[in-house]
Amino acid sequence: ELSGMRGSKYVQSDATDAIGNAVSLLKREIPVLFSGTPCQINGLLAALGNTKSDKLLTVDFVCHGVPSQSVFNEYLKERFPKDDLKEFLFRTKDAGQNCMVCLATRKDGSREISDINEDAFEKGFHKSLFLRESCAQCHFAAPPRQGDFTIGDFWGLEKYNPDYKDPLGVSEVLLNNEKADRIWMEIKPKLKFDEPVPVDFAVKHNRYRAKTRIHPDRARFFELRGQAPLSVVVDAVLENCSLEEVQKARKKAKLKGTIKKLTPAPVKELAKKVLRKIR
């Protein structure tokens with residue numbers, strides 16, 4: 001079941017069962033590895049009465065923030081109206097370490113890759129347009145971290161040493177206590193790459209701060225939502241224009257594309273020659 005836990009998920013997870021199961025297992029002295037957002041780790045520790053257990057190992061990850069689940073549901077319904085979606089990956093290694101490219105696989109096996117330039121959810125998420133307001137001031141993002149370990153993408157690592165860059169990305173691991181130090185020494189021989197980097201550098205180039213910028217027009221997005229397709233609302237808010245302007249521009253672009261598609265090749269070549277002479 002490990003593969004299902006991997007990969008980026010730009011939606012909120014329901015950790016209720018996971019926390020309950022972890023507490024039950026720990027009461028029976030069964031070892032537990034629990035991974036999640038820093039606030040979820042805090043929730044688990046609170047459920048345990050904030051008592052430390054040698055049987056528990058916690059791993060939090062660097063979190064950008066949690067977007068609205070209902071917005072994602074609306075996005076899926078709009079983009080896949082036939083309900084033929086088999087799998088959706090918010091990030092695909094087909095695009096290297098790029099976190100702004102998603103991959104959708106339909107039930108017939110066909111695959112669609114879209115990026116932040118065309119995908120409504122990618123645009124809105126990375127612009128923090130529909131993040132939860134509580135994520136703007138997170139009590140758990142800044143050090144000291146909640147987990148024994150902290151994991152995440154090491155953005156900006158090439159600024160420290162260009163030789164450390166990898167086209168598929170490099171992970172960062174923070175060891176937050178003696179338990180993590182001890183375990184790290186056990187697994188270190190199996191690692192592909194292990195190079196200490198100053199903590200201050202890692203903290204500076206990744207989200208290890210309480211405050212994060214929520215899009216200033218977040219409220220307008222939720223006011224307009226439902227008045228037009230989600231992709232139209234996202235573009236209208238991000239481009240600071242009206243819904244009508246976005247829809248008009250799309251109709252114009254669609255008409256232009258249709259005309260270009262239907263125009264015979266000889267006519268296109270003739271038009272190019274005429275335009276060159278005019279210039």
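Is phenylalanine 72 buried or exposed, and what is its relative accessible area? Phenylalanine 72 is buried, with a relative accessible area of 8%. Here, buried stands for under 20% relative accessible area, exposed for over 50%, and partly exposed for anything in between, using a 1.4 Å probe and protein chains only.

A word on the model before we go on. This is a predicted model, in which local features need pLDDT of at least 70 and side-chain atom pairs count only at pLDDT 80 or more, while totals for chains, interfaces and linings use all residues. Residues are numbered from 1 along each chain as its sequence is written, and side-chain values use heavy atoms, with hydrogens and water left out.

## Aromatic rings

A search of the whole structure turns up 18 aromatic pairs. Rings of Phe, Tyr and Trp (its six-membered ring) pair if their centres lie within 6.5 Å; planes under 30 degrees apart are stacked, over 60 edge-to-face, and the rest tilted. Two of the pairs are set out below.

| Pair | Centre to centre | Between the planes | Type |
|---|---|---|---|
| Phenylalanine 72 and phenylalanine 121 | 4.9 Å | 65° | edge-to-face |
| Tyrosine 75 and phenylalanine 121 | 5.5 Å | 40° | tilted |

Phenylalanine 72 lies in helix 3 (residues 69–79) and phenylalanine 121 in helix 4 (residues 120–126), so this pair ties together parts that are 49 residues apart in sequence. Helices (H or I, at least four residues) and strands (E, at least two) are DSSP runs, numbered from the N terminus. The pair of tyrosine 75 in helix 3 with phenylalanine 121 in helix 4 also links distant parts of the chain, 46 residues apart. Phenylalanine 121 is buried at 2% relative accessibility, and tyrosine 75 is buried as well. Phe72, Tyr75 and Phe121 belong to one aromatic cluster, whose members also include Tyr10, Phe88, Phe125 and Phe222.

Strand 4 (residues 101–106) has 6 of its 6 residues buried, so the strand is largely enclosed by the rest of the structure. In a regular strand the side chains alternate between the two faces of the sheet. In strand 4, Val101, Leu103 and Thr105 point one way, Cys102, Ala104 and Arg106 point the other way, and all are buried.

Which strands sit beside strand 4? Strand 3 (residues 85–89) pairs with strand 4 in the antiparallel sense over 4 bridges, where pairing takes at least two DSSP bridges between two strands. Leucine 89 has leucine 103 of strand 4 as its bridge partner. Strand 5 (residues 111–115) also pairs with strand 4 in the antiparallel sense, over 5 bridges, and valine 101 stands opposite aspartate 115 in strand 5. Strands 4 and 5 form a hairpin with 4 residues between them, and glycine 109 in the turn has a positive phi of about 95°.

Threonine 92 is found in the loop between strand 3 and strand 4. Threonine 92 is buried, with a relative accessible area of 6%. Not counting residues up to four places away in sequence, threonine 92 touches Val101 and Leu103, where contact means heavy atoms within 4.5 Å.

## Strands 1 and 2

Strand 1 (residues 32–36) has a covered face made of Val32, Phe34 and Gly36, and an uncovered one made of Leu33 and Ser35. Strand 1 pairs with strand 2 (residues 56–61) in the parallel sense over 5 bridges. Valine 32 stands opposite leucine 56 in strand 2.

## Helix 9

Helix 9 is mostly covered, with 8 of its 9 residues buried; among them are Leu230, Ser231, Asp235 and Val237. Valine 234 is found in this helix, which spans residues 230–238, and valine 234 is buried with a relative accessible area of 0%. Leaving aside neighbours within four places in sequence, valine 234 is in contact with Ala120, Lys123, Gly124, Leu129, Phe130 and Phe221. Two of these contacts, Phe130 and Phe221, are members of the aromatic cluster. Valine 234 and glycine 20 are 214 residues apart in sequence and 37 Å apart in space, C-alpha to C-alpha. Asparagine 240, with a positive phi near 55°, follows helix 9.
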